[in-house]
Amino acid sequence: MADSDSVRVTPAAAADVDPVTDLWIALAESQRTHGSTLLAEGNRAAVREWVARSAVTGELLVARGGGEDGEAGGDPVGFVGFALDHGGYERDRTRGVVSNLFVVPERRGEGIGGDLLDAAERALREAGAETVALEALAANDRAREFYAERGYEPHRVELTKSLTAGDEIGGDAEGNDDSEPD
């Protein structure tokens, strides 16, 4: 697929299921600092199933680095999932979706994320995608800047609101709690 001096991007294999699942756990834990509500260990079984299924369908790529004699190989240092969108809605363009792009922190800044994203985009284009969608947490400035540099633009905004005890419910858009109209 894609190669650089220090990594090789290849389709995931059965032997990658547990290592990539562990990387996803690290991704989920790191995203908590950006406001993610996903539980890392609480989703291990579901993620392991997704990784295994994606490896079989060819919708998961792995970046390997640090092999012997400087060759690209060895343990996974990053991964990316991707698929054509089969969400049930008719669209005027075939859309691909990129999910869960992750590079281990000690290897960031080497171009590995770009290699993974390029390879996923190529695979989606070859599968017939005309556009690609992905998500990044609003508070993850580094990820949003990375995607913007690669031509991604905001398309949809997800808004959330906490409904837990102690949070204000109601009020107007300015945060006032007046229930009577002015």
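**Strand pairing and the core**

Let me begin with E2 and E3, which form an antiparallel pair over five bridges. Please keep in mind that we are looking at a predicted model. In this pairing, Val7 is set opposite Gly65 of E3.

On its way to the next strand, E3 is again antiparallel: five bridges join E3 to E4. There, Leu61 stands opposite Val80 in E4. E4 in turn is joined to E5 by six bridges, and these two strands also run antiparallel. Leu84 is the residue opposite Gly96 in E5.

In which sense do E5 and strand E6 pair, parallel or antiparallel? E5 and E6, the latter covering residues 131-133, pair in the parallel sense, over three bridges. Gly96 has Val132 as its bridge partner in E6.

Let me place these strands in the whole chain. The protein contains four helices and six strands, and their order along the sequence is β-β-α-α-β-β-β-α-β-α. Of contacts between residues at least 6 apart in sequence, 57% join residues at least 24 apart. The protein has 182 residues, 32% of which count as buried.

I return now to E3. How many of its six residues are buried? Six of the six are buried, and the strand is described as mostly covered. In a regular strand, side chains alternate between the two faces of the sheet. For E3, both faces are covered: on one side lie Leu60, Val62 and Arg64, on the other Leu61, Ala63 and Gly65, and all are buried.

Thr10 and Phe79 are separated by 69 residues in sequence, yet their C-alpha atoms are 9.5 Å apart in space.

Next, helix H1. Its 15 residues, 17-31, should span 21 Å at 1.5 Å a residue, and the C-alpha atoms at its ends are 21 Å apart, so expectation and model agree. Which residues of H1 are buried? They are Val17, Val20, Thr21, Leu23, Trp24, Ile25, Leu27, Ala28 and Gln31. Residues three or four places apart in an α-helix point the same way, because there are 3.6 residues a turn. The cover over the buried residues of H1 includes helix H2 (44-57) and the strands E3 (60-65), E4 (76-84) and E5 (95-103).

Gln31 deserves a separate word. This residue of H1 has a relative accessibility of 16% and so counts as buried. Beyond its neighbours within four places in sequence, Gln31 is in contact with Ser36, Leu137 and Asn140.

We come to the interior. In soluble globular proteins, nonpolar side chains tend to be buried together. Here the largest nonpolar core has 39 residues, and Leu61, Phe79 and Leu116 are those touching the most other members. Two or more residues of this core come from each of E2, H1, H2, E3, E4, E5, helix H3 (112-126) and helix H4 (141-149).

Finally, the aromatic rings. A pair of such rings is described by the distance of the centres and the angle of the planes. The count of aromatic pairs comes to three. One of them joins Phe79 and Phe102: the pair is tilted, with 6.1 Å from centre to centre and 50 degrees between the planes. Phe79 belongs to strand E4 and Phe102 to strand E5, so the pair ties together parts 23 residues apart in sequence. Both of these phenylalanines are buried.

Phe146 and Tyr147 form another pair, which is edge-to-face, at 5.2 Å centre to centre and 65 degrees between the planes. Are these two residues buried or partly exposed? Phe146, at 24% relative accessibility, counts as partly exposed, whereas Tyr147, at 9%, counts as buried. Together with Tyr152, Phe146 and Tyr147 form one aromatic cluster.

That concludes the presentation, and I welcome your comments.

Conventions: Residues are numbered from 1 along each chain as its sequence is written. This is a predicted model: local features need pLDDT of at least 70, side-chain atom pairs count only at pLDDT 80 or more; totals for chains, interfaces and linings use all residues. Side-chain values use heavy atoms; hydrogens and water are left out. The expected span of a helix is 1.5 Å times one less than its number of residues. Buried means under 20% relative accessible area, exposed over 50%, partly exposed in between (1.4 Å probe, protein chains only). Contact means heavy atoms within 4.5 Å. Two strands pair if DSSP finds at least two bridges between them. A nonpolar core is a set of buried Ala, Val, Leu, Ile, Met, Phe, Trp, Tyr and Cys residues joined through side-chain atoms within 4.5 Å. Rings of Phe, Tyr and Trp (its six-membered ring) pair if their centres lie within 6.5 Å; planes under 30 degrees apart count as stacked, over 60 as edge-to-face and the rest as tilted.
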